[in-house]
Amino acid sequence: MPQRYGPATAGEVLALIREGASTRSEIGRTTGLSRTAVAARIDGLMRTGLVTEGETAPSAGGRPAGTLRFRAEGGVVLAAAIGRSRSQLAVCNLAGEVLAADEEDRTPGAAPEDLMPQVVERLAALMRQARVREGAVRAVGLSIPGSADFAAGVSLDAPTLPGWNGVPLAPWFAPLTDAPVFVDNDANVMAAAERDGHLRHHRNLLLLKASTGLGLGIVVDGRLVRGGWGAVGELGHVRVAGAEGLACRCGSFGCLETVAAGWALVQQLSGGGREVAHVRELVAHALDGDAAARSLLRESGRRVGEALAVVVTLLNPEAVVVGGDMAAAYDIYVAGLRETLHAGALPVVTRDLELLPSTHGATSGLVGCAAMALDEVLSVRAVDELVVASR
Ligand SMILES: [Zn+2]
């Protein structure tokens, strides 16, 4: 527990239980709270449905000590990872475990008024499938390929999704739930998905989303960096040498994406007379041994590594985690990435730098949307408020 002043609150006691504390005496020892005070905190948490009595622990003589456990079944969060051409949806329990999920490819570029009602309808169907009642929803976590006003649930700037700039997304969920709706950038939620993965070992890491687009989730000292107005980590749109005059899908010219993003690689391979519609197909060809596809992926890794060398030198992360569709060909992609990253960054920052595949692979976005929403609704402050409101 972080150093604190004043007695531990119910929210902090819940955090201990989620970390594995299972008896009242253990909580008393860790927090310094009296037996009465621990009992009051536990009563409050039980009223919220977040904690229950667990198995009876074996006791050396005397009364058996009652144990406590976090009720992962005490509610659900809805997760929606919205992409340009695909959206993934899930209903997750409060431990972030997927209870029901589906995904759908569609024609790229659907407007929010066309897509959002479908998203809400499909989530409602998944809730029925998982036998979840509407009142059980504690939060909705959404990701978009762009920047977002996180707590307001508004898409701010999504250059690749026409019609999505400045759109409030939370109101679409009103027919389904009045739970809070959080919206974040896709690379940010993939970083949040590492909460039960690489973030257990690394407090500072970068999450590279190498997919149709390129993005970076930045975690410093265990906290996700969201920047001044949610536009953090736009690695794909830094200007790079050798891309001068190339038109980017953001409307500018000379961006890293024009030479290294999945969409640009697909154009290049298609320009060579090949039938490829999506970067996932290009990756499949590379894994089948296709020399042109392999070479494009390795070169993308190299170009991204050059830009990432600057970030790594500035932030000194312990790890760079690689996710997104191109990470399915992890060895090919990372060979290029490692080469230029090590050539371009200061040796002291690359010597022990780890390059790692994302923990949840193709479901990182979904797991991350749930994790990001859970971080909020199970935060110490949110739980304290819930306990007060339950009186
Ligand atoms: Zn751009």
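The side chains of Glu 73 and Arg 69 meet in a salt bridge, with an N to O distance of 2.8 Å; the term denotes a side-chain nitrogen of Lys or Arg within 4 Å of a carboxyl oxygen of Asp or Glu. Glu 73 is partly exposed at 45% relative accessibility, and Arg 69 is likewise partly exposed, at 36% (buried means under 20% relative accessible area, exposed over 50%, and partly exposed in between, with a 1.4 Å probe and protein chains only). The model is predicted, so that local features need pLDDT of at least 70 and side-chain atom pairs count only at pLDDT 80 or more, whereas totals for chains, interfaces and linings use all residues. Residues are numbered from 1 along each chain as its sequence is written, and side-chain values use heavy atoms, with hydrogens and water left out.

Across the whole structure, 17 salt bridges are found. In one of them, the closest N and O atoms of Glu 104 and Arg 122 are 3.2 Å apart. This pair links distant parts of the chain, 18 residues apart, with Glu 104 in strand β5 (residues 98-105) and Arg 122 in helix α4; helices (H or I, at least four residues) and strands (E, at least two) are DSSP runs numbered from the N terminus. Glu 104 is partly exposed at 30%, whereas Arg 122 is buried at 13%. A network of salt bridges also links Arg 86, Glu 103, Arg 280 and Asp 325.

A further salt bridge joins Arg 203 to Asp 221 at 3.4 Å, N to O. Arg 203 lies in the loop between α5 and β11 (205-210) and Asp 221 in the loop between β12 and β13, so the pair ties together parts that are 18 residues apart in sequence. Arg 203 has a relative accessible area of 47% and is partly exposed; Asp 221 is partly exposed at 49%. The backbone of Asp 221 has a positive phi near 50°, in a residue other than glycine. A positive phi, near 55°, is also found at Arg 131, in the loop between α4 (112-129) and β6 (137-144), where Arg 131 is exposed at 76%.

Val 220, in strand β12 (residues 214-220), is partly exposed at 35%. Together with Val 310, Leu 314 and Leu 315, Val 220 makes a nonpolar surface patch of about 370 Å². Helix α9 (residues 291-315) gives the most to this patch, with 3 residues. Patches consist of residues with over 30% relative accessible area and no salt bridge, like charges being joined within 9 Å and nonpolar side chains (Val, Leu, Ile, Met, Phe, Trp, Tyr) within 5 Å; accessible areas come from the Shrake-Rupley method with a 1.4 Å probe, and for residues only the protein chains shown count as cover.

The largest pocket holds about 1700 Å³ of space. Of its 39 lining residues, Arg 18, Glu 19, Arg 195, Gly 222 and Asp 375 are the closest to the centre. The elements α1 (10-18), α5 (186-192), β13 (223-224) and α12 (364-377) each supply at least two lining residues, and α12 gives the most, with 6. On a 1 Å grid over the protein atoms alone, a pocket is an open set of points where a 1.4 Å probe fits, with protein on both sides within 12 Å along at least five of seven lines, and lining residues have an atom within 4 Å of a point. Grid points are joined across faces, edges and corners, and the volume is the space filled by probe spheres set on the points.
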